[in-house]
Amino acid sequence: MKISIISVFPELYTSFLNTSLLKRAQESGYISVTTDSFFSYVAPKERIDAPTFGHGAGMLIKPEVVEKGIHSLEEKNGKAFKVFFSPHGKKLDQDYLTQLAKQVQAAGHLMLIPARYEGMDARVEAEYADAVVSVGDFVLMGGDVPAMMLLEGLLRFVPGIVGKQESVEKDSFSGPFVDYPEYTEPVEWHGKQVPEVIRSGNHAAMDAWRSEQAAKRTLIHHFDWLRSYPLNSEQKKVVQAVMPSHYVALCHSEVLIGKDKQVGTTSVTSIDIHDIARSSRTYGIKNYFIVTPLLDQQRIVQTLLDFWHTDSGITYNQSRHEALRPVEIKDDITQAVAAIESLEGKKPLVIATSARSVGHVKQISFHDQGIIWEQERPVLFVFGTGKGFSEEFLQQCDYLLLPVGGFSDFNHLSVRSAVAIILDRWMGLIAKKP
Ligand SMILES: C[S@@+](CC[C@H](N)C(=O)[O-])C[C@H]1O[C@@H](n2cnc3c(N)ncnc32)[C@H](O)[C@@H]1O
């Protein structure tokens, strides 16, 4: 494969290309690399850049300089797959890398065109880019490090360049999980032992341990990758086994009611019992607690549950029976917490939800699952009825989740809609196309 690089600083690539696997790849003839300077395409003392139009400081690489470079290198090496680099480009991940690797291999000639200064005139990208790559949501001084990153990522796909093809196929992000932790000698270092299981010689136990560790790491640090992967049922089971248990409580007390928003108690509604039970079952919630201190309200719920928990309900609608099976009635949240603690042997972290933006020392968002899950404690989401939880109750909870919402300023979801949205955002799968 031919690789051409045009840069403001081609000298940056000298040691990069003359080290380790990249050096060997060139010596073995897998790749041949040409590095070139944008300055080769202007007359001596002529500038390659010019100030941006409009207000705002900064210099841009001129389009005709880039164009001359592209034409010259394509004349020598044939038509190329041309990659530009910019924070506004498509974010690089292993899926995108795989897709690019196929396109580059088909083209046989890869051209990397990293920018400097404020970037390049936008028209040159529109005219020539086959791909505009971003390496993340941050800004670097130039596109050379992104170009090197892309090259290292792409060349791992070329058979022969990386010694063991097996490691490419099994590494992090080749499937839904990142790699498991690995250890070498010494067995004890700074008081830390290499886990017994991987020294035991029991391959089945070691594989099970590795798969569990890989799933745990992915869950805590790369959940968005994990949930966007089209998981099979075996992989889903592995994740379920390491994800802490989640519970839901719908509270009819400790909530604000009436026009003057006093703390009071609301009535149960059968639609909330049904719909939240169905959402809970869909997202793997272990138990759904209906919390009300009022005995007559508890009786109403119990009558409904009795129907669905027994033969007539099962015959009438099996899946509804299944959804309502883990529903339990509790007097207050303390009872629900105690029930979870006796089941799990650990107190749950109580995460309150609110439609109002309320200050809380431990406010969390839908990007913070890792903070919760790494504590390895069960999780109880509490949802309020009426006009939402009282401020006092919210402050007693371990965490407060930021409200859900869209781009409009209307925010009056029913509690059952809020439960469905929150569970989906928190732990739902959002698989990309298989
Ligand atoms: C200082 S940056 C220009 C930043 C640009 N004005 C902006 O705000 O998006 C100069 C060049 O570095 C490269 N670069 C910087 N950050 C990058 C990133 N996250 N991914 C890919 N390239 C990047 C691009 O080639 C970019 O044109």
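The chain contains 18 helices and 18 strands, where helices (H or I, at least four residues) and strands (E, at least two) are DSSP runs numbered from the N terminus. With a radius of gyration of 29 Å, well over the 22 Å that the globule rule gives for 434 residues, the chain is more spread out than a compact globule. The radius is taken over C-alpha atoms, and the globule rule is 2.2 Å times the number of residues to the power 0.38. The C-alpha trace spans about 90 × 65 × 50 Å along its principal axes.

This is a predicted model, in which local features need pLDDT of at least 70 and side-chain atom pairs count only at pLDDT 80 or more, while totals for chains, interfaces and linings use all residues. Residues are numbered from 1 along each chain as its sequence is written.

**Domains and burial**

The domain assignment gives domain 1 (2-168), domain 2 (188-239) and domain 3 (245-427); such bounds come from an automatic or database domain assignment. The centres of domain 1 and domain 2, taken over C-alpha atoms, are separated by 36 Å.

Of the 434 residues, 30% count as buried. A residue is buried if 20 or more other C-beta atoms lie within 10 Å of its own, exposed if 12 or fewer, and partly exposed in between, with C-beta atoms placed from the backbone. Among contacts between residues at least 6 apart in sequence, 78% join residues at least 24 apart. Two residues are in contact if their C-beta atoms, placed from the backbone, lie within 7 Å.

**Nonpolar cores**

A nonpolar core is a set of buried Ala, Val, Leu, Ile, Met, Phe, Trp, Tyr and Cys residues joined through C-beta atoms within 7 Å. The largest such core has 56 residues, of which Ala249, Leu380, Val382 and Phe383 touch the most other members. Helix α18 (residues 415-427) supplies the largest share of this core, 6 residues. Domain 2 (188-239) and domain 3 (245-427) both give residues to this core, so it lies between them. Apart from it lies another core, of 36 residues, including Val104, Ile113, Val135 and Ala147.

Which residues are in contact with Leu380, leaving aside its neighbours within four places in sequence? They are Tyr247, Ala249, Ala336, Val337, Ile340, Pro348, Val350 and Ile351.

**The ligand shell**

There are 19 residues around the ligand, and Phe85, Ala115, Gly119, Leu140 and Gly143 come nearest. A residue is near a molecule if its C-beta atom, placed from the backbone, lies within 6 Å of it. Strand β5 (residues 81-91) contributes the largest share of the shell, 4 residues. By class, the shell has 10 nonpolar, 7 polar and 2 charged residues. Here Ala, Val, Leu, Ile, Met, Phe, Trp, Tyr, Cys and Pro count as nonpolar, Asp, Glu, Lys and Arg as charged, and the others, Gly among them, as polar.

Ala115, one of the residues that come nearest to the ligand, is also touched by Ile61. Ile61 lies in strand β4 (residues 59-61) and counts as buried, with 24 C-beta neighbours inside 10 Å. Not counting residues up to four places away in sequence, Ile61 also touches Phe38, Ile48, Asp49, Val66, Tyr117 and Met120.

**Backbone features**

A cis peptide bond joins Glu185 and Pro186, with omega about 0°. Pro186 is found in the loop between α7 (165-170) and β8 (188-189).

Phi of Glu254 is near 65°, a positive value in a residue other than glycine. Glu254 lies in the loop between β10 (246-251) and β11 (255-257) and is buried, with 23 other C-beta atoms within 10 Å. Phi of Glu376 is likewise positive, near 50°. Glu376 sits in the loop between α16 (369-373) and β17 (379-384) and counts as exposed, with 11 C-beta neighbours inside 10 Å.

**Selected separations**

The table pairs sequence separation with C-alpha to C-alpha distance.

| Residue pair | Separation in sequence | C-alpha distance |
|---|---|---|
| Ile61 and Arg116 | 55 residues | 7.7 Å |
| Pro326 and Leu305 | 21 residues | 9.9 Å |
| Ser233 and Glu392 | 159 residues | 42 Å |

Pro326 is found in the loop between α14 (318-324) and β14 (327-330) and is partly exposed, with 16 other C-beta atoms within 10 Å. Leaving aside its neighbours within four places in sequence, Pro326 is in contact with Lys286, Asn287 and Tyr288. Ser233 lies in helix α10 (residues 233-242) and is exposed, with 6 other C-beta atoms within 10 Å.
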